[in-house]
Amino acid sequence: MTEATAPHDGPLTGVRVVELAGIGPGPFAAMLLGDLGADVVRVDRPGGPGLGIDPARDVTNRNKRSVVVDLKTPEGAARVLGLAERADILIEGYRPGVAERLGVGPEDCRARNPRLVYGRMTGWGQTGPLADRAGHDIGYIAVTGALGMTGEPGRPPVAPANLLGDYAGGSLYLVVGVLAALHHARATGAGQVVDAAVVDGTAHLTAMIHGMLAAGAWQDRRGANLLDGGCPYYGTYGTADGGHMAVGALEPRFYAEFLRLLDLSGLEEAHADVTRWPELRAKVAERFASRTRDEWTAVFEGSDACVAPVLSLREAPHHPHLAARSTFTDHAGITQPAPAPRFSATPATVRTGPARPGADTEDVARDWGVPGLVSPPSKP
């Protein structure tokens, strides 16, 4: 039994996934499946991805194994079809029609394996006027209205890295989709195609905001609402040392505790009085600017005021709560987020470091019974 198929490596132990290498949300989705115990085989292309980092440090390729296949050759397509025949899930992130032209599209793969769940990850989706256009996270979230909610009024929206579009609106929806389709396939014997588009997932994430908009509880402009920085007790403030504190004292009792610890009086009624919000914001900003971030962290420690320090990426693993929960882990010399969520019976772990392109070809050929990976494949 190989490490990738050892028992108790997560709830997806025994599930086989083929990932056709790409960038952005596809690799992250495959990493999540691998974190949950699936045996993920990444099919890397010769030369690697165009925007790739050092493979030894690409955490999104942990808990995977890698083979290198040139899909621009007939032999390459036959090798991928051999893997697809033995897989439960296949993930690809090409533009619409590319997988078909390479001979590894849904019909090609499912002709060999009718139970296969074929996950397609794109920005614009498989259909629509922009389906064939190039794009990246920031453009996808721009047209959904999500990007327009970020930042201060009168200033350009703030790009939230690629977390909101690629990963939240893309990867997580692809994973939900392929796992739901896998459940259906196991119940019926029939696989299907999952069309996961970043624009669809990101739009879906704004469901609550659209409800608030319809109810008249949200203004369609940034910096004017309860959750977009418009509210003085939900946002960030600078401290004396150049740091920042995050405030989320929404409920009245949390707001009262917030004012008490800031030593601000006479502002209790400002919680519900929008006309007093500018006054409240100015006084809160003045108080936070009087001490350092660490001093304010100590003031709010152990309270229900809903205030937290804004930490950097390097600081976050050392936060006492995150350290106590082992939210981050060290593996292969890299500090990285630990698998999430957590399972009581089938805990997920970081089993292997980032897969090196082509390093696992012989092992995968043996474990999956695809000798054509290391020798001339037979014709399909």
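Ala332 has a relative accessibility of 57%, so Ala332 counts as exposed. This residue belongs to a predicted model. Ala332 sits in the loop between strand 10 and strand 11, and its phi is near 55°, a positive value in a residue other than glycine.

Ser326 also has a phi near 55°, again positive and again in a residue other than glycine. Its place is the loop that runs between helix 12 (320-325) and strand 10 (328-331). With 43% relative accessibility, Ser326 is partly exposed.

## Cis peptide bond

The peptide bond between Ala340 and Pro341 is cis, with omega at about 0°. Pro341 lies in the loop between strand 11 (334-337) and helix 13 (361-368).

## Overall features

The secondary structure of the protein consists of 13 helices and 11 strands. Along the principal axes, the C-alpha atoms fill a box of roughly 80 × 45 × 40 Å. The protein has 380 residues, of which 42% count as buried. Among contacts with a separation of 6 or more, 67% are between residues 24 or more positions apart.

## Salt bridges

Side chains of opposite charge can pair when their charged atoms come close. With a cut-off of 4 Å between a side-chain nitrogen of Lys or Arg and a carboxyl oxygen of Asp or Glu, the count comes to 19 salt bridges. One of them pairs Arg86 with Glu85, at 3.9 Å from N to O. Arg86 is partly exposed, with a relative accessible area of 31%, and Glu85 is partly exposed at 36%.

Arg120 and Glu92 form another salt bridge, with the closest N and O atoms 2.6 Å apart. Arg120 is in strand 5 (residues 117-122) and Glu92 is in strand 4 (residues 89-92), so this pair ties together parts that are 28 residues apart in sequence. Arg120 and Glu92 are both buried. In the salt bridge between Glu315 and Arg293, the closest N and O atoms are 2.8 Å apart. Glu315 lies in the loop between strand 9 (307-309) and helix 12, whereas Arg293 lies in helix 11 (residues 293-300), so the pair ties together parts that are 22 residues apart in sequence. Glu315 is partly exposed, with a relative accessible area of 30%, while Arg293 is buried at 13%. Elsewhere, salt bridges with shared partners join Asp39, Arg65, Asp363, Arg366 and Asp367 into one network.

## Nonpolar surface patch

Met208, Leu226, Leu227 and Tyr234 make a nonpolar surface patch of about 320 Å². Tyr234 is in strand 7 (residues 234-238). The relative accessible area of Tyr234 is 31%, so this residue is partly exposed.

## Thr73 and Gly103

Thr73 is placed in the loop between strand 3 (64-68) and helix 2 (74-85). Its relative accessibility is 26%, so Thr73 counts as partly exposed. Thr73 and Gly103 are 30 residues apart in sequence, and their C-alpha atoms are 9.6 Å apart in space.

Definitions and conventions
Residues numbered from 1 in each chain as written. Predicted model: local features only at pLDDT ≥ 70, side-chain atom pairs only at ≥ 80, totals over all residues. Heavy atoms only, no water. Helix = DSSP H or I, 4+ residues; strand = E, 2+ residues; numbered from the N terminus. Buried < 20%, exposed > 50% of the residue type's maximum accessible area, 1.4 Å probe, protein only. Patch = residues over 30% accessible without salt bridge, like charges linked within 9 Å, V, L, I, M, F, W, Y side chains within 5 Å. Areas by Shrake-Rupley, 256 points an atom, 1.4 Å probe, with all protein chains shown as cover. Contact = heavy atoms within 4.5 Å.
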